Amino acid sequence: MDPSRPDFDDLPDFDTLVEQTMQRLLAERRIPAATYRVQFNAGFTFRDAQAIVPYLHALGISDLYASPLLQARPGSAHGYDICDYDHLNDALGTWEDFDALVETLHAHGMGLMLDMVPNHMGIGAACNNWWMDVLENGPSSAYGGFFDIDWQPVKAELANKVLLPILEDQYGAVLESGKLRLVYADGAFAVHYYDTRLPVAPDSYARILSAGVDALVEELGAEDEHVQELQSILTALSYLPPYTATEPDQAAERRREKEVIKRRIAALLDATPDVKAAVDAALTAINGDPDDPASFDRLDALLAEQPYRPAFWRVASDEINYRRFFDINDMAAIHIEDPAVFNAVHDTVLDLATAGKINSLRIDHSDGLWNPADYFRRLQESYVYHQICAAPGPNLDDTAAEQALGAAIHRWFDAHYVPQPDSAATLPLYVVTEKILSETEPLPYDWAVFGTTGYDFLNVVNGLFVDPAQRDRLTGIYDAFAGHEMDLEAIVRSSKQRIMEDALASEIGSLSRQLERITEVSRRYRDFTLGGLSAAIRQVIAAMNIYRTYITEPENVSDRDQRYILAAVLEARRRAPNTSRLVLTFIRDTLLLRNLDSFRAEDRPRVLNFVMRFQQITGPIMAKSFEDTTFYIYNRLASLNEVGGHPENFGVTPGDFHAESLKRRAEWPHAMLTTSTHDTKRSEDVRAHIDVLSELPDEWEAALAQWRSINAAHKSTIDGEAAPDANDEYLLYQTLLGAWPDGNSAPGEAFRDRMAAYMVKAASEAKVHTTWISPDEDYIAAIQSFVAGVLGDAAFLDAFVPLQRRVAFFGRFNALAQVLLKVTAPGMPDLYQGTELWNYSLVDPDNRRVVDYEKRREILDDLAAVDTQPDSDRAALARSLVESADDGRIKLYAIRRALAVRSALRDVFDHGSYRALEASGRRAAHLCAFVREHDGRAVIAVAPRLVAGLTGRQERAPVGPEVWGDTWLALPPEHAGRTYRSVFTGDLIAAGERGGTIGLPVAELLAYFPVGLLELI
């Protein structure tokens, strides 16, 4: 949809139509109450999802939250490598299967949220017709502008070509091994490399078809109709516009004529065995003989004519000329800001949303967008456009009507959508975005979304269970074990520089050359050198402590963006005093668009283009260096190393939690709240266990010394150094404590394999001893051997299990408190698949293992059978669940009961106020509590924290007067005389008074269940 505003006569009153449509959409808008994320793939299909809908409904889930469902690369385990936006992933089932899932959801009053991928496409398989067309036709392709390709890179040999870093070895070695094979099928030629198909540009067909013409003439005669047809095809090929032609008429002629030529070739070869035999002979000759390197010259010449250049995969970091998703070569970025691309990507999804089959969207990787604010606004407007087009009404088949409708929708949003806190109130479609926020960074108000996907909440709530008082103690223990001070700031800085020099070097190089070309057109800046500009760009990016800025025009540079750019340049000056201050000042002024007047009007778009591209690259650099490198190096307390986390922040106070909750309530009241996702480094329960170490520093330190001594024999020696190193060993012990199966004193083979795979991944991400690009097989073998030795050593297991059981005991209460806060705090709670029971998964692919839903369904049915009986003793059930907390039923019970209240009191949670509740008494610091109120209804949530300290480090549940003593939870004065029912136990508790303060005795409200949720009756 084009949001331009032309004036057209004799068209319907679109403004009135849009107003009526918006009123309907806002009235019908679905905001999920609670979502449940599932990972679809060949092992979990539409039919599998349909089968669990009744279970999810009984659990209290309002909306199924699906991973990407559109056609992905064959065999994809995650679905983010979409290759076709028009079709469902055939590995998941048919359209009929999808419709059956939707019907079942609707029958249970449930909706469907879809994970949408608008930034990039999977290009590693032939299912991506857009990419195949680009490879066949280069810049003249109808999709040449869909992908973010630099068709004129600095390297002259790549002009009008796409570098394809797909080969296992140097190009010449692969070519001469015979692994690149020219093949024919259905009138077209292609080069095959294993399962990869590379179309041959029709420009090269003559090289193949002409090889046997003379022999055919001699054999069949010049007058033979088939020979004449072949010669006519060769003539047609000679007139075909080249793939470098980008003029619309020529490009269209090429697209038309090449298909005609292909049909003629197919018809000729199908009808004429002699011609087919000649072509087959030509293919054999071109494909060469591995025993004769010179025989590959013809295939080499043919490949040199293509709009692509196959290359060794290692060259990607230096020379790749298409923008990728981070550093993944087979995911190419697309120009979603182009209206044609936007429509092609979103039409099917928006049609499904218009039909009510999809009710909400989660947008992946918003920082990869050219202009996120514009994208989200366009997304909401396009949803309205699709709604109007699908309804009976005016004819929209002509361009004038389409543009007039688009303009009317745009006017409505201009008038009603005002970027400010809670601006989502005027949005018709529930959309959340995957956005990683820095510690103090706000989500921009001009993003037409309902909030983030919840990593900000995840890290705040997790911090509640980390003891800030033990920061220095844990730091000392870590540094002593590692053998040197682990400087987080230095690790972050060096990680960023390494990512810019290695994995994303091509992106930095392209950005630097772009800026260097810009300086050449201004006499004020033309003396800046490429080397100086590149060094300064790297220093500024390394100094940025946010993922990106969002500057799009000089008149609209926000205070936020200006503040972060200025801070980054000042920090770059401090860190790199040898970097030219003139260059740094120039980059500062350029990024803030302060110096546009120094350029001619015709050159200013190039400056803005540089700024936008700079903003797109800083996010991947931050993510790769921080989340995917630093988080595997700095292991002081691994539970703090989470997506969106800030491991320098050691713990969060209840006051901090309340402040964040109040802010979210005011600004993004329907933002998603999550604690585990498909991207988290470890599950919520693993983090909850590791958090306990912050309360047990003495036991942790003693255990480390003992375990290190026992396991020294399991280490290898590489170049005179013990392997794995102490830092990796430290991470392993935390991981074992967090992920250890409940009730096991000795792990099975599956667990050992999981831990070994995780530690190899962790070491590869850390990039200290081994990397994905340059794996050190000796170090990898040392890790695998160490894990196997450790987990097979009876002496270690005897020494390990006692602390593991203590950590797990306290960790379970952390996890319960965490899930209660997620369900009751301002926002919309999300559960990740399988986490309704204890779940000790680590980073992907570990967290994508098959979930045993039959087990969960049986437990839920058993709990419901007891809990819903008219004479049920909920208190007895609650006590029994605490006594058997290690089996996980207590977590599922808490989720089910809390979600039931959330559903019954929807207005309280969606629109209710939020007030922090203060506690008094010796144990007051171990409580986080708040009240939610709306229209005379109220609920109180009470969660324990730092449970090991609360119980005097005794393994006892945080319940009853022996633990809570005189702790008193103060309530607002107007709650005097009110009575509450415990959601978990069924007990009635009346507000009393102590020392003139209205409140509740915590020992009573947490008498025998460790978390409290009270409903006003």
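Biologist: What makes strand β11 (residues 308–312) mostly covered?

Modeller: In this predicted model, 4 of the 5 residues of β11 are buried. Buried means under 20% relative accessible area.

Biologist: How do you know that β7 and β11 pair, and in which sense?

Modeller: Two strands need at least two bridges to count as paired. β7 and β11 have 5 bridges, so they pair. The sense is parallel. One of the bridge partners is F312 in β11, which stands with L167.

Biologist: How far can I trust the model's confidence scores, and what is the average pLDDT of the chain?

Modeller: The chain averages a pLDDT of 95. Of the residues, 99% score at least 70. Residues 1–8 are another matter: their pLDDT stays under 50. The model has 24 contacts beyond four places in sequence for that stretch.

Biologist: Now S140. Where is S140 in the chain?

Modeller: S140 sits in the loop between α4 (129–137) and β7 (162–167).

Biologist: Why is S140 called buried?

Modeller: Its relative accessible area is 2%. The cut-off for buried is under 20%. The value of 2% falls under that limit, so S140 is buried.

Biologist: What makes the link between the side chains of S140 and R254 a polar contact?

Modeller: The distance is 3.3 Å.

Biologist: Which residues does S140 contact, leaving aside neighbours within four places in sequence?

Modeller: They are P242, Y243, A245, T246, A251, R254 and R255.

Biologist: What does the C83 and C127 pair tie together?

Modeller: C83 lies in strand β4 (residues 82–88). C127 lies in the loop between β6 (120–122) and α4. The pair therefore ties together parts that are 44 residues apart in sequence.

Biologist: Why is this disulfide called left-handed?

Modeller: The torsion about the S-S bond is about -120 degrees, so the disulfide is left-handed.

Biologist: Is C83 buried or partly exposed, and what about C127?

Modeller: C83 has 4% relative accessible area, so C83 is buried. C127 has 22%, so C127 is partly exposed. The line between these classes is 20%.

Biologist: What about C389 and C928?

Modeller: C389 is at 36% relative accessibility, so C389 counts as partly exposed. C928 is at 1%, so C928 is buried. C928 is also among the contacts of F657.

Biologist: Which residues have the most contacts inside the largest nonpolar core?

Modeller: They are F40, W131, F147, F657 and W700. That core has 281 residues. Helix α30 (residues 794–824) gives the most to this core, with 17 residues. Apart from it lies another core, of 40 residues, including V569 and F610.

Biologist: Why are β21 and β27 said to stand at the edges?

Modeller: The open sheet has 4 strands in the order β21-β24-β28-β27, paired antiparallel. β21 (919–920) and β27 (992–994) each have a single partner strand, so one side of each is left without a neighbour in the sheet. β27 pairs with β28 (residues 997–1001) over 3 bridges. G992 stands opposite G999 in β28.

Key. Residues are numbered from 1 along each chain as its sequence is written. This is a predicted model: local features need pLDDT of at least 70, side-chain atom pairs count only at pLDDT 80 or more; totals for chains, interfaces and linings use all residues. Side-chain values use heavy atoms; hydrogens and water are left out. Helices (H or I, at least four residues) and strands (E, at least two) are DSSP runs, numbered from the N terminus. Buried means under 20% relative accessible area, exposed over 50%, partly exposed in between (1.4 Å probe, protein chains only). A polar contact is a pair of N or O atoms within 3.5 Å; within protein, one must be able to donate a hydrogen and the other to accept it, and residues adjacent in sequence count only if both atoms are side-chain atoms. Contact means heavy atoms within 4.5 Å. A disulfide is a pair of cysteine sulfur atoms within 2.5 Å. pLDDT is the predictor's confidence in each residue, from 0 to 100. A nonpolar core is a set of buried Ala, Val, Leu, Ile, Met, Phe, Trp, Tyr and Cys residues joined through side-chain atoms within 4.5 Å.
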